[in-house]
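Try each task before you read its solution.

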There are 2 protein chains.
Amino acid sequence: MSVVVQKYGGSSLGGVARLNAVAARIALTRQRTERVVVVVSAMGDTTDELIALAHQLDDDPPSREMDMLLSTGETVTAPLLAMALHARGVPAVSLTGMQAGIRTSGAHRSARITDIVPQRVIEQLSTGRVVIVAGFQGATEQLDVTTLGRGGSDTTAVALAVALQAHECEIYTDVAGIHSADPRLVADARPIGLLGYDEMLEMAAAGATVMHPRAVEIGEAYSMPIRVRSAFGDGPGTLIRRHQPMEDRPKVRGIAHETDVAKVTLLGVPDRPGIAAAVFGPLGESHVNVDIIVQNVSHSGHTDLSFTVAESDLNRAQPVLDRIAADVGADGVDADRGIAKVTVVGAGILGTPGVCARIFETLAGELINIRMISTGEIRVTCIIDRDRVADAVRALHRAFELELL
Amino acid sequence: MSVVVQKYGGSSLGGVARLNAVAARIALTRQRTERVVVVVSAMGDTTDELIALAHQLDDDPPSREMDMLLSTGETVTAPLLAMALHARGVPAVSLTGMQAGIRTSGAHRSARITDIVPQRVIEQLSTGRVVIVAGFQGATEQLDVTTLGRGGSDTTAVALAVALQAHECEIYTDVAGIHSADPRLVADARPIGLLGYDEMLEMAAAGATVMHPRAVEIGEAYSMPIRVRSAFGDGPGTLIRRHQPMEDRPKVRGIAHETDVAKVTLLGVPDRPGIAAAVFGPLGESHVNVDIIVQNVSHSGHTDLSFTVAESDLNRAQPVLDRIAADVGADGVDADRGIAKVTVVGAGILGTPGVCARIFETLAGELINIRMISTGEIRVTCIIDRDRVADAVRALHRAFELELL
């Protein structure tokens with residue numbers, strides 16, 4: 001049987017009018033495909049409101065109780081959408097994550113899907129019903145409700161698509177796909193037609209937040225194509241799938257950027273084995289994610305160690321950094337908040353002559369100073385001053401002719 | 001183990017301040033009793049709001065989907081209350097009806113409890129946690145969510161108290177107990193200290209809506225004492241349990257009244273066997289509940305058949321009544337909307353000389369005309385004009401000295 005899995009995000013589902021619009025779209029899908037599974041998020045700001053209410057009652061609410069509470073957001077959307085379909089004459093049934101057979105670990109608020117046993121979904125599909133599954137949630141073997149954490153509903157959708165052997169997984173959102181650059185910065189940014197999983201992962205890591213990496217990783221692991229498209233328009237969106245044929249010339253796919261970045265430098269660190277572990281171990285334990293790391297050439301046995309963290313983590317990181325600096329015998333800690341990250345993504349670009357050069361020339365032509373550089377197989381990242389980030393993204397978008405995509 | 005089961009209604013749970021007040025009360029209970037189970041309703045008007053939202057999307061929403069939707073009201077309250085307890089240092093865990101082992105029939109929106117398998121509740125109690133159970137909901141064997149219909153959370157509480165062999169079941173509400181008459185009509189109405197199950201059932205049927213008959217029936221079937229008391233005060237409230245010792249003199253316990261009443265008369269009905277079935281069968285099929293039935297003496301083979309229905313059902317009943325009148329060959333149908341029902345309740349009062357007489361004398365003394373009379377083992381009901389109902393209740397309350405209870 002050929003199954004279509006669609007996922008609708010919270011911004012597409014807030015309020016009666018939007019629920020009806022989504023129902024109308026599903027009804028159309030139903031005309032061309034018999035078996036439709038829909039994964040839904042909580043409506044609008046419901047999740048944030050529930051979190052705020054919880055924190056009014058308890059500074060540190062137990063995560064099991066938070067899961068019980070937050071899962072209701074999606075559990076409300078699912079039957080409402082089923083009703084909107086029913087009112088259109090389209091038979092539909094809503095299922096919780098538990099009912100849809102989504103089994104997870106017991107790590108509340110960031111549970112991992114361990115298995116999907118989609119018997120009820122298959123049964124309901126075979127009776128001709130559209131199956132609406134509450135996203136973001138699952139259940140342990142003890143039938144405790146869990147939530148999957150960030151990117152949870154996308155993860156539910158892709159995992160269900162895999163379990164149901166769907167042709168592809170459609171992610172409906174409030175933008176027309178993954179853009180060649182942020183459309184708020186670049187007027188002629190275009191949705192990228194085709195993107196490899198690894199390219200999508202790099203775009204996401206570099207600040208393109210439309211798709212959470214977690215769902216993309218599942219897609220990659222099981223070769224499930226993921227189409228990201230607008231819930232409000234009719235464009236084809238972005239199809240994320242395995243790389244195009246090898247003879248295709250590698251090229252730049254998109255420019256991502258991120259402004260929640262701060263640069264930290266440990267000054268005069270003794271250059272000896274084990275120093276990286278001594279620095280990054282404690283940061284990891286404090287849940288401070290370190291991004292780009294640059295170690296300068298050593299002079300007389302000492303070096304400066306620079307790395308970026310999310311600026312929003314910096315206050316939390318500061319005491320840990322001070323302790324680390326004392327422990328490793330560094331001369332001090334410097335933190336620079338006024339920076340941003342610009343990343344050029346495309347399969348094979350690092351091995352392609354001329355791409356790196358064109359990036360650096362383009363930024364130089366705009367008189368933009370590059371503070372740090374980090375490269376990966378399919379990306380080049382530059383740390384620059386934050387007040388130049390829009391200029392950098394526009395210039396790079398133009399330089400690689402991404403408006404012609 | 002000695003378990004206390006407490007139930008808190010929606011008006012006691014709306015908003016952060018009330019949740020905290022309930023948590024404080026539970027924390028106090030926890031100091032005197034180790035094992036506390038709390039059943040909660042949806043907060044404030046949540047259920048009504050969800051119903052309204054559903055009807056905006058679908059005129060006739062499938063009842064399975066309504067149950068999925070409505071059950072979230074209670075599922076939100078339970079973890080929030082657990083958090084409010086956690087913030088006070090009282091360990092607590094929330095359970096859905098399904099997790100608490102409440103198994104029901106598949107009759108969505110009015111499911112019946114078939115069994116309670118409270119293993120998880122017992123396990124959690126033995127770890128020292130207060131167990132918060134989402135009321136009003138259960139699950140079928142297929143793990144479909146069901147709701148119990150009217151009086152659902154009270155029913156959950158009493159049924160759980162039975163399953164856990166609790167000492168008694170405490171129902172916390174926004175009034176101080178079952179009153180000797182409606183305190184809005186009678187200033188010196190008092191909470192009744194002790195009430196038999198049958199007395200409570202008669203009071204409920206006669207208009208005292210604090211407790212739903214369904215939960216009382218379970219209490220009676222399993223001899224589970226039910227205490228109704230205020231969530232905001234410290235009074236002992238009303239204890240509903242098996243009758244007091246036989247040597248106690250029967251006496252009047254309370255005066256209930258109901259104004260949603262209309263009187264229907266089928267005029268000139270041929271007086272032959274099977275006529276009652278021909279009249280009340282179709283009404284029952286149309287879900288019109290008939291209350292008091294009076295058949296006048298037959299004259300020349302014809303009689304007038306009068307009965308009361310809820311006035312709010314009258315419009316729906318009208319076409320059915322017209323059809324019945326034609327079918328049985330009656331002369332016509334009369335409907336009288338301006339009436340009310342006043343009921344005097346007390347174990348054994350019908351067999352006690354003087355009680356009936358005093359009721360009729362009291363109403364006569366107030367120049368209140370009695371339109372119909374109906375009696376039961378432990379109650380006497382009079383149908384009177386609606387504009388005299390407050391006078392009737394006050395006079396009867398005074399006549400039986402209920403302010404001295």
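**Exercise 1. Decide whether L367(A) is buried or exposed, and do likewise for H287(B).**

Step 1. Recall the cut-offs: a residue is buried if 20 or more other C-beta atoms lie within 10 Å of its own, exposed if 12 or fewer, and partly exposed in between, with C-beta atoms placed from the backbone.

Step 2. Count for L367(A): 8 other C-beta atoms lie within 10 Å, so L367(A) is exposed. This is a predicted model, in which local features need pLDDT of at least 70 and side-chain atom pairs count only at pLDDT 80 or more, while totals for chains, interfaces and linings use all residues. Residues are numbered from 1 along each chain as its sequence is written, and chains are lettered from A and ligands numbered from 1 in the order in which they are written.

Step 3. Helices (H or I, at least four residues) and strands (E, at least two) are DSSP runs, numbered from the N terminus. L367(A) is not a glycine, yet its phi is positive, about 60°.

Step 4. Turn to H287(B): with 9 other C-beta atoms within 10 Å, H287(B) is exposed. H287(B) sits in the loop between α8 and β14 (290–295) of chain B, and its phi is near 60°, a positive value in a residue other than glycine.

**Exercise 2. Describe how α8 (residues 275–285) and α9 (residues 314–328) of chain B pack.**

Step 1. Two packed helices are described by the angle between their axes and the distance between the axes. Axes are lines fitted to C-alpha atoms, for helices over the stretch in contact, and angles run from 0 to 180 degrees between N-to-C directions.

Step 2. For α8(B) and α9(B) the angle is about 155° and the axes are 9 Å apart. That makes α8(B) roughly antiparallel to α9(B), given that angles under 35 degrees count as roughly parallel, over 145 as roughly antiparallel, 65 to 115 as roughly perpendicular and the rest as oblique.

Step 3. List the contacts (C-beta atoms, placed from the backbone, within 7 Å). From α8(B), I275(B), A278(B), V279(B), P282(B) and L283(B) meet A317(B), V320(B), R323(B), I324(B), D327(B) and V328(B) of α9(B). By class, this contact of α8(B) with α9(B) has nine nonpolar, no polar and two charged residues. Here Ala, Val, Leu, Ile, Met, Phe, Trp, Tyr, Cys and Pro count as nonpolar, Asp, Glu, Lys and Arg as charged, and the others, Gly among them, as polar.

Technical notes: Contact = placed C-beta atoms within 7 Å.
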